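Here is a short tour of a protein fold, written for someone new to reading structures. Have a look at the model first, then read on.

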Amino acid sequence: MTGTENFRCGFVAVIGRPNVGKSTLINAIVGDKVSIVTPKPQTTRHRIVAVHDTASAQILFIDTPGLHHNASKAMNRMMNRTAASALSDADLILFLCEANRWTREDETAMRRVVDSGVPALAILNKIDKVHPREVLLQTISEMSDRASFAAVIPISATGGDNVDRLLSLIPDFLPESPPLFPSEMRTDRSDDFHMAELIREKLTLSLRQEVPYGLTVQIERFVQEPEGAAVHAIIWVERGSQKGIVVGKGGKHLKKIGRAARLELKAKLGVPVHLELWVKVKDNWADNEKDLLGLGYDAP
Ligand SMILES: Nc1nc2c(ncn2[C@@H]2O[C@H](COP(=O)(O)OP(=O)(O)O)[C@@H](O)[C@H]2O)c(=O)[nH]1
Ligand SMILES: [Mg+2]
């Protein structure tokens, strides 16, 4: 008998409309910021694999962009395609929604999950917002009536309630297989990707209305030495008018973003970081398939 016998490993796609807490849940489980989180919808734009190891299983969570309506730009259609394609690759789906809200977008996302034919657990997230708690019983029963989920599990991704129970259910759905990722690996994405995302998170948190949706970040240079690191990044915007907003009066806003990003990069890399941010305009990049590809948006 070998050590890998009965070991399980497989893909768990985390699916739902924007802002239900998919990335928050994955970060909480793997104990690292693998995926950025903001209070704004459509923060996640890419498929990101996050690795969670236990003694007898390796669970590969796939974070996905929220399935959303009104996908008017090429980037939004690409995001929806990315989420949809993660469904078919999965051994199990965690279908996330908010315990205190059910919308037409939830309904659409749920249809995609059901139509995929992949086993799914329904996760009612944000139960910390449900008062009184007894209301949950009704919500769980409504959810069970909507589709044939393998289970309906109420959780709080931020509070950690019931996340262990959810985790304990997952390995049964995974195939017997040795681990697919080395045990020290937390994600399939590069350092450059995570740095660009971190900068985009700071921008998304501090900018209002449509500006965060019209920008993307590209790492142009990253050098790390024992005494420090240097990062040069370009913030691409869709229009000249957005450049002024991102830079701010006298460059004040860009400085604020740079400081917030630099502090977090320093904590992540463990060395002082020299960060240079440049804002450039690429007209309508988010609605141009070729620009999207060049900027790392590669939907299947
Ligand atoms: N109150 C509460 N807020 C949550 C919970 N999980 C996530 N959030 C918040 O919901 C917002 C969207 O989370 P995010 O993970 O980006 O959602 P995603 O778009 O589905 O990936 C953020 O402001 C999170 O802090 C939860 O369990 N309780
Ligand atoms: Mg997300």
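## The sheet

Two strands pair if DSSP finds at least two bridges between them. Helices (H or I, at least four residues) and strands (E, at least two) are DSSP runs, numbered from the N terminus. This is a predicted model: local features need pLDDT of at least 70, side-chain atom pairs count only at pLDDT 80 or more, and totals for chains, interfaces and linings use all residues. Residues are numbered from 1 along each chain as its sequence is written.

With that sorted, look for an open sheet of six strands, running β2-β3-β1-β4-β5-β6 with mixed pairing. At the edges you'll find β2 (48-53) and β6 (151-154), each with a single partner strand, so one side of each has no neighbour in the sheet. Further in, β1 (residues 8-15) and β4 (residues 92-98) pair in the parallel sense over four bridges, and V12 sits opposite L92 in β4.

## Helix α8

Now for α8 (residues 252-269).

Which residues of α8 are buried (20 or more other C-beta atoms within 10 Å of their own C-beta, placed from the backbone)? They are I257, A261 and L265. These cover an arc of only 60 degrees around the axis (taken from the directions from the axis to the C-beta atoms), which puts them on the same side of α8. On the other side, K252, R259 and A267 are exposed (12 or fewer such atoms; anything in between is partly exposed).

Methods: Chains are lettered from A and ligands numbered from 1 in the order in which they are written.
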